[in-house]
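Trainee: I am new to this model and would be grateful for a guided reading. May we proceed by question and answer?

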Amino acid sequence: RQPGFKDVRPTSLDMIDYEEEWLWKLLVRLDGAVALKAVFFALPAAAFAVVLLVLDDEYPDLRAQCGLEDVSESQIWTGVTAIVLALLSFRTSQALRRFWEGT
């Protein structure tokens, strides 16, 4: 042993006892969490989807009466993709603008 250095050999008493409750506390904390905001948007959308499924099961010819059979899946996919890309480009440009303002 060199003078001034203490013995740093690990012992069983030096083991760190990790708690796994931190993950649950992190998930349910309300301060700064976005989970409640996400639920605020996700639950109405999910309820609307369930209503549409029930209506489609109960009234199979409802879509034909409303004129929605003319819209194909590729048109819906194209429309949704265009909306998501527009929102993503707006968010990205705003984030870059804020980044360059701060530097």
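This is a predicted model: local features need pLDDT of at least 70, side-chain atom pairs count only at pLDDT 80 or more; totals for chains, interfaces and linings use all residues.

**Exposure and ring pairs**

Trainee: Is F41 buried or exposed, and at what relative accessibility?

Mentor: Buried means under 20% relative accessible area, exposed over 50%, and partly exposed in between (1.4 Å probe, protein chains only). F41 therefore counts as exposed, its relative accessibility being 62%.

Trainee: Which residue forms an aromatic pair with F41?

Mentor: The structure holds two aromatic pairs (ring centres of Phe, Tyr or the six-membered ring of Trp within 6.5 Å; planes under 30 degrees apart are stacked, over 60 edge-to-face, the rest tilted). In the pair with F41, the centres are 5.3 Å apart and the planes stand at 80 degrees, an edge-to-face arrangement. The partner is exposed at 59% relative accessibility; its name is F40.

Trainee: Why is the pair of F99 and W100 edge-to-face?

Mentor: F99 is partly exposed at 46% relative accessible area, whereas W100 is exposed at 60%. Their ring centres lie 5.0 Å apart. The pair is edge-to-face because the angle between the planes is 75 degrees.

**Overall build**

Trainee: What pattern does the protein follow along the sequence?

Mentor: Helices (H or I, at least four residues) and strands (E, at least two) are DSSP runs numbered from the N terminus. The protein has four helices and zero strands. Read along the sequence, the pattern is α-α-α-α.

Trainee: What share of the 103 residues is buried?

Mentor: The protein exposes about 10,500 Å² (Shrake-Rupley method, 1.4 Å probe), and 66% of this is supplied by carbon and sulfur atoms. Among the 103 residues, the buried share is 0%.

Trainee: Which element gives the most to the nonpolar surface patch?

Mentor: The patch consists of F48, V51, L52, L55, Y59 and L62, with about 550 Å² of accessible area together. Patch residues have over 30% relative accessible area and no salt bridge; nonpolar side chains are joined within 5 Å and like charges within 9 Å. V51, partly exposed at 44%, belongs to the element that gives four residues, helix 2.

Trainee: Which element gives the most to the lining of the largest pocket?

Mentor: A pocket is an open set of points on a 1 Å grid where a 1.4 Å probe fits, with protein on both sides within 12 Å along at least five of seven lines; lining residues have an atom within 4 Å of a point. Of its 15 lining residues, the closest to its centre are L52, D56, R63, L68 and I76. Helix 3 (62–66) and helix 4 (73–102) each give two or more residues, but the element giving the most, with six, is helix 2.

How values were computed:
Residues are numbered from 1 along each chain as its sequence is written. Side-chain values use heavy atoms; hydrogens and water are left out. A salt bridge is a side-chain nitrogen of Lys or Arg within 4 Å of a carboxyl oxygen of Asp or Glu.
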